[in-house]
Each structure stands twice: as structure tokens, then as C-alpha cells.
Amino acid sequence: MPIIDHSDLICDISAQLNQLRKAQPEAMRGFTQLAQASMADGAISAKHKELIALAIGITQRCSACIGYHVRALIKLGGTRQELEELLTICTYMGGGPALMYAAEALKCWDAMSANQACSVTVVA
């Protein structure tokens with residue numbers, strides 16, 4: 001598996017998505033509203049929703065999802081222990097391929113915990 005710099009990856013994707021937001025503002029605004037409503041605190045906390053989203057990203061083998069959701073989880077006060085427990089569930093449910101992306105998620109956590117940040121501003 002190639003070494004991925006998740007900060008660079010999500011910066012690049014954010015820049016491309018900003019172009020799509022300008023070209024298709026109504027559709028992208030709808031997606032943003034769906035994401036915000038889905039991830040807001042409710043019966044399930046925002047942190048637990050990020051753990052769920054990260055698990056889906058790992059088992060769907062989405063490197064960008066790993067970057068975005070690890071970053072959000074860190075901002076919400078998630079811990080490495082929570083991440084590690086999540087990764088065992090991902091591996092249980094997704095087998096060997098999920099284990100490979102679990103390793104990627106750990107590397108991403110370490111890099112993002114060291115305050116590597118994306119400087120791209122998302123256009124609403």
C-alpha cells in the first residue's frame with residue numbers, strides 16, 4: 001500500500017470540491033446540509049457519529065474518508081484508544097483488507113495528532 005499524506009490528500013480533494021461547489025452550488029449545498037444534519041449531536045453524540053463514519057470509510061477502503069474523519073475525530077476529542085478499539089471492529093467485520101486500512105488510519109492519526117493541518121478553506 002502506498003504511503004499517503006492524508007493532510008495533502010484532503011487539501012487536494014477540498015480544492016477540487018470547492019470548484020464543484022462553485023459549478024453546482026445548489027446540489028453541493030444540499031450535500032453539505034445532509035452531512036451537517038447527519039453528524040450533529042443527537043441521541044448519538046457527534047464523536048460517536050465520527051467513529052461510525054470512520055469505520056465505514058475504513059471498510060469501504062476510502063483513504064480520503066479516513067483523512068476527513070480522523071481529523072474530525074481528533075477535533076471532537078477522540079482518543080487513540082477509541083480509534084484502536086474501532087479498528088478491531090473494522091477488522092472483525094471487514095477482514096484483511098480492512099486491516100490494511102486500519103494501519104493507514106493509525107498512520108493518519110499519528111500525523112494529524114502532530115497538528116498537520118489543511119490550509120484549504122471550504123467554500124459554502
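## Cysteines

A search of the whole structure finds zero disulfides, a disulfide being a pair of cysteine sulfur atoms within 2.5 Å. Cys90 is in no disulfide, and the nearest cysteine sulfur, that of Cys65, lies 12 Å away. At 2% relative accessibility Cys90 counts as buried, whereas Cys62, at 23%, counts as partly exposed (buried means under 20% relative accessible area, exposed over 50%, partly exposed in between, with a 1.4 Å probe and protein chains only).

## Basis of the model

This is a predicted model, in which local features need pLDDT of at least 70 and side-chain atom pairs count only at pLDDT 80 or more, while totals for chains, interfaces and linings use all residues. Residues are numbered from 1 along each chain as its sequence is written, and side-chain values use heavy atoms, with hydrogens and water left out.

## Helices H3 and H4

The axes of H3 (residues 46-59) and H4 (residues 63-75) come within 9 Å and cross at roughly 160°; the two helices are therefore roughly antiparallel (angles over 145 degrees). Axes are lines fitted to C-alpha atoms, for helices over the stretch in contact, and angles run from 0 to 180 degrees between N-to-C directions. Residues of H3 including Leu51, Leu54 and Ile58 meet residues of H4 including Cys65, Ile66 and Leu73, contact meaning heavy atoms within 4.5 Å.

## Helices H1 and H5

H1 (residues 6-23) and H5 (residues 80-113) pack at an angle of about 90°, their axes 9 Å apart, which makes H1 roughly perpendicular to H5 (65 to 115 degrees). His6, Ser7 and Ile10 in H1 meet Glu104, Cys108 and Met112 in H5.

Definitions and conventions
Helices (H or I, at least four residues) and strands (E, at least two) are DSSP runs, numbered from the N terminus. Angles under 35 degrees count as roughly parallel, over 145 as roughly antiparallel, 65 to 115 as roughly perpendicular and the rest as oblique.
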